[in-house]
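Please read the following report alongside the sequence and the coordinates.

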Amino acid sequence: MHRDHSKLICDISELTALFTDTANLDSLLQKIVEMIAHHMNAGVCSVYLYYEEADELVLKATQGLRLDSVGQVKLKLGEGLTGKALLEMRPVCEGNARLHPSFRLFTGIGEEKFCSFMAVPILRGQNRIGVMTLQSEQKDHFTAEDVNIFRAVTSQLANTIEMAKLLIGINKTVPDEKKTAVRVSQLKFVKGRSGAEGFAMGEAVVVRLPALEDMLAVGSEQPLTLEHLRAAVLATERQLESFQKAIETKLFDVASLIFSAQILMLKDQAMLGAMEALINSGATPQEAVRQVVAEYVARFDKMPNAFLREKRYDVIDVGRRLLENLVGVRGVERQYARKIVIARELLPSDALKLSTQGVQGVVLLSGGVTSHVAVLARSLNIPLIIADEEALLSLAPQAVLLLDGEQGNVYVDPEPGVVAAFKEKEALRKGAAQACRNVKARTLTKDGAVVHLLANINLLGDLAVAKDYQAEGVGLYRTEFPFIVRSDFPTEEEQYVIYRKLVEIMKGRPITFRTLDIGGDKALSYYDYAKEANPFLGLRSIRFSLRHQDVFAQQVRAILRAGAVSPVRIMFPMVSSLDDFFAARAVVVECAAQLKSSGIPHLAAPEIGVMIETPSAVEMSDELAREAAFFSVGTNDLIQYVLAVDRTNEKVADLYVPHHPSVLRALERTARAAVRHKKDISICGDMAHDPRYMPFLLGIGIRSFSVDARYILKIQERIMSLDTTSARQTAEKLLGLVSIVAIEKELASEYPVA
Ligand code: PEP
Ligand code: MG
């Protein structure tokens, strides 16, 4: 159908010319979307504005989607196709958007039935102002000409919208009280961030932590003394220790970290001494606790590092418990079974308490997705969403919430259609969870070659999933987690306890310990890095360990001691020369000698391998294969270093191509060196869980893969459908191709993506 685009442009410029009152921005946008939807014969036309400070795109007007979703649908820059258009500052046009990997469906806003999708960023120079989208029920509805016309429209609007935004200070992120009050009753949907995955539905219950002042107000008739405080400290210690015990089997490594910090605070003479001094100078014990806790909180609040700032919650947690024990009042114990808890903030021990009471899910108004509470929620299987929406605290009694912990979405009193859609999703999830039953004990190719599938482990809690999916062992244990969540380097003893537990759980199955891999994007909050311009090329991984041999030796000793229970393998990350490897291996040999001379049981001669993650290691792969017991290829890093593309930089994400000819050649060369020296080689980067690359990887001789255990079934099914002869032919064919495009074509013909 021919559409007269010049008329649309004229109408819009007329409208914008008439626009003089910024208070009417919303109605201007609404008129415009109606006009465009009609003109383009599209089911939906929407406009999103971008608020830089909050890094949020907010739906401001729509024709075709539910009107009450205006102001509620929020996206991050880069999220979904809409966010992608703005991030990349270019139009996105999809004939069937659902097939696009970036597509995000918002249920409950009437978006389900639309196929074709077009998003055009609204830009003023390099300033991101917003995005305009069109959707149609018909597939392939929009043409290249439509994209151009839509571009013209948005560029015409950009000026007006930017001006209006500036004038009404729309960029401010502080919520407007009046608006919040109006929205409470209308609140249908809140976009947050996912802290822990999963779906949950239940009645909402708001939990408010008593402020320290309120706790102090919980008076006691009886005058309290220093002795009462000492007794309260002991009682608090006992409570924390019993908490720790209760979850030790389930959350061994993390739980002990959380509570040991709190127990440490309780035992800290400086803290107790300060309280005692205040009591001696006339303060009541309650005042002393409150004052000292408040001082500590203030000190943590000033920390430049976000991780350390979160420690404030541990201090408050200890303080609250101490006060409760002091005045003999229990925190309000409530029934949370099957409820969704909404709280401004929660303490780690609250999360545990809630979990034992059968809470369905949690919505927090503040906190980081890497905070202790989020980590705990993940391991406790409680869906958790962090959503900064004040109105959630004032929901009507008995409001029902539906949490989509995958997308970070909160639905308030969801429509039956939304509930049904989620029930279906939940059934699929359960089905997927049971899929692990279909994993076979052995993985064989069609022609009978044996392939080993192992698990990557970050937390000991991941071992349960590894067991469900029958992982043959742990191919990569990322030892840095206990380092990252702490506020200081863990001691040899602390590491040993965690490592021994891992070895005991694995009962003799193979485990490969990767020594500390920090630096790059994994900074330690307590280590004072001199500012590095290029942290990925800086004091990272084995370089850090070799520079800090005391830290390194403690870790190695802890691993060797755990290895006394049953043998383990050790490998070093980011090795870039034989010299690195020799130096690191010498530390292991030296540690074994120390342990021997001290008479401490240990593994005397572990297999010592090397991760292949740098182009220089590939270049030296022949020599490294002669020296090392095994290779483990970290493709995540190898790709970034071979291609000089930062793996964490979304601006160059499209250049991060695993099937780049240079990467394929580097992999082949590495595999050839290992095979020639009869050394074991496995892939432990994300490339190992992409079924498209399996023929190539088998074809170059790889027979061992270490992946997040949830991928094991998918990979196993793929491997069992392949035979090694044709895999070799595929690999040869791919290695003969010299461009990314040609390789992509070949991969697509081998494994068409649905
Ligand atoms: C890798 O680089 O591929 C790898 C497995 O290590 P990480 O992702 O922990 O850097
Ligand atoms: Mg790596």
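The text below turns to the metal site and then to the backbone.

This is a predicted model, in which local features need pLDDT of at least 70 and side-chain atom pairs count only at pLDDT 80 or more, while totals for chains, interfaces and linings use all residues. Residues are numbered from 1 along each chain as its sequence is written, chains are lettered from A and ligands numbered from 1 in the order in which they are written, and side-chain values use heavy atoms, with hydrogens and water left out.

The magnesium ion (ligand 2) is coordinated at 2.0 to 2.1 Å by Glu 613 through OE and by Asp 637 through OD; donors here are N, O and S atoms within 2.8 Å of the metal (3.2 Å for Na, K and Ca), and since water is not among the atoms, sites may look incomplete. Because Glu 613 lies in the loop between β20 (607-612) and α22 (615-619) and Asp 637 in helix α24 (residues 635-643), the pair ties together parts that are 24 residues apart in sequence. Helices (H or I, at least four residues) and strands (E, at least two) are DSSP runs numbered from the N terminus.

Most residues other than glycine have a negative phi. Lys 507, in the loop between α18 (492-506) and β18 (511-514), has a positive phi of about 45°, and Ser 541, in helix α19 (residues 541-547), has a positive phi near 50°.

The table gives burial, where buried means under 20% relative accessible area, exposed over 50% and partly exposed in between (1.4 Å probe, protein chains only).

| Residue | Relative accessible area |
|---|---|
| Glu 613 | 2%, buried |
| Asp 637 | 2%, buried |
| Lys 507 | 73%, exposed |
| Ser 541 | 1%, buried |
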